[in-house]
Amino acid sequence: MSMSGVVDLAAVKAAGEAKVKAEQARAESARQGGPAAVPPSSLVIDVDEAGFERDVLQRSAEVPVVIDFWAEWCEPCKQLGPLLERLALEYNGRFLLAKVDVDANQMLMQQFGIQGIPAVFAVVAGQALPLFQGAAPESQIRETLDQLIQVGEERFGLTGIVVDRDAAGPEAGAEAPEVPAGPYDALLEAAAQALDANDFAGAVQAYRNVLSDDPANSEAKLGLAQAELLGRVQTMDPQQVRKDAAENPADADAQIAAADLDLVGGHVEDAFGRLVETVRRNFGEDRDRVRLRLLELLEVIGPDDPRVGAARTALARVLF
């Protein structure tokens with residue numbers, strides 16, 4: 001995954017005008033009682049160059065628009081596309097998914113500076129943001145979408161679009177993924193025992209066995225994050241790690257290692273703050289590695305901790 005900052009949309013001449021027009025349309029819609037509800041089928045749309053201003057730029061003033069650049073011959077696209085479509089339905093109007101066939105829309109591909117596919121961007125209030133390129137785990141895609149939605153709400157007041165589930169049609173029930181039946185008690189117990197015995201590799205594998213069948217299992221996600229963290233720090237020289245981090249404030253690897261030690265030592269806010277600052281200092285692959293480590297450490301603490309929410313907000317500010 002690569003997240004490198006704001007993309008220049010100057011090549012899309014109508015971007016500025018589209019944003020203004022969309023804001024005016026949104027204000028007019030509010031005066032008339034709010035936007036009309038749309039069926040779930042409208043959450044995923046095919047977009048071409050002719051309709052880009054209307055379907056993406058204008059819509060981005062009311063909801064973040066995620067753009068999936070794909071092609072029929074692209075094998076990774078065949079894995080990523082259905083996942084993004086499923087998430088668009090699951091997020092229920094918090095973002096709109098626009099699919100662009102690059103073979104038929106070469107100009108859009110050039111304007112976004114795309115070097116390879118699949119490539120995923122977002123447009124928020126007329127501004128384009130690179131999200132990631134290539135295949136990515138569902139957990140990381142969810143984290144990225146959550147950050148995008150948070151930015152849309154906090155900076156631009158985008159609350160999404162209203163979805164009429166009654167208009168879903170007879171196949172709507174098939175869209176919801178099945179919940180794995182389990183049980184996973186034995187696997188989770190084995191993982192916990194391995195963790196207690198400092199067999200971090202065994203614990204990691206046990207938790208991954210659960211997540212392979214049940215990717216949303218919160219206990220396994222938390223346990224995996226903890227096991228991976230403890231496995232990383234057990235071979236560290238704390239004094240050397242601290243020295244390297246102090247001498248190299250912009251070095252991604254040095255700060256990542258120090259953040260791991262911070263968290264194990266109970267210095268949660270220090271760990272999060274260190275990584276957010278390192279994201280701000282870096283670009284390209286280094287920035288992305290630091291961002292991903294921060295997301296892993298957020299999993300260790302858990303979503304209910306207020307420090308996690310504060311860190312997500314701080315990360316969103318430096319990324320977008």
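**Close-up views of cavities, a pocket and helix pairs**

View 1. By the grid rule used here, the count comes to one cavity of 30 Å³ or more, where a cavity is a set of points, on a 1 Å grid over the protein atoms alone, at which a 1.4 Å probe fits but cannot get out. The largest cavity has a volume of about 30 Å³, a volume being the space filled by probe spheres set on the points, with grid points joined across faces, edges and corners. Its lining, meaning residues with an atom within 4 Å of a point, consists of Pro 64, Arg 94, Ile 149, Glu 153, Leu 158, Thr 159 and Gly 160. This is a predicted model, in which local features need pLDDT of at least 70 and side-chain atom pairs count only at pLDDT 80 or more, while totals for chains, interfaces and linings use all residues. Residues are numbered from 1 along each chain as its sequence is written, and side-chain values use heavy atoms, with hydrogens and water left out.

**View 2. The largest pocket.** A pocket is an open set of points with protein on both sides within 12 Å along at least five of seven lines, and the largest one has a volume of about 1200 Å³. Of the 40 residues that line this pocket, Ser 139, Leu 211, Pro 215, Lys 221 and Glu 299 lie nearest its centre. Two or more lining residues come from each of α3 (75-90), α5 (138-156), α7, α8 and α12 (284-301), and α12 gives the most, with nine residues. Helices here are DSSP runs (H or I, at least four residues) numbered from the N terminus.

**View 3. The pair α7 and α8.** Helix α7 (residues 200-213) packs against helix α8 (residues 218-233) at an angle of about 155°, with their axes 9 Å apart; axes are lines fitted to C-alpha atoms over the stretch in contact, and angles run from 0 to 180 degrees between N-to-C directions. The two helices are therefore roughly antiparallel, a term for angles over 145 degrees.

View 4. Helix α11 (residues 268-281) and α12 pack at an angle of about 160°, with their axes 9 Å apart, which makes α11 roughly antiparallel to α12. The contact includes Phe 272 and Leu 275 of α11, together with Leu 294 and Ile 301 of α12.

Notes:
Parallel < 35°, antiparallel > 145°, perpendicular 65-115°, else oblique. Contact = heavy atoms within 4.5 Å.
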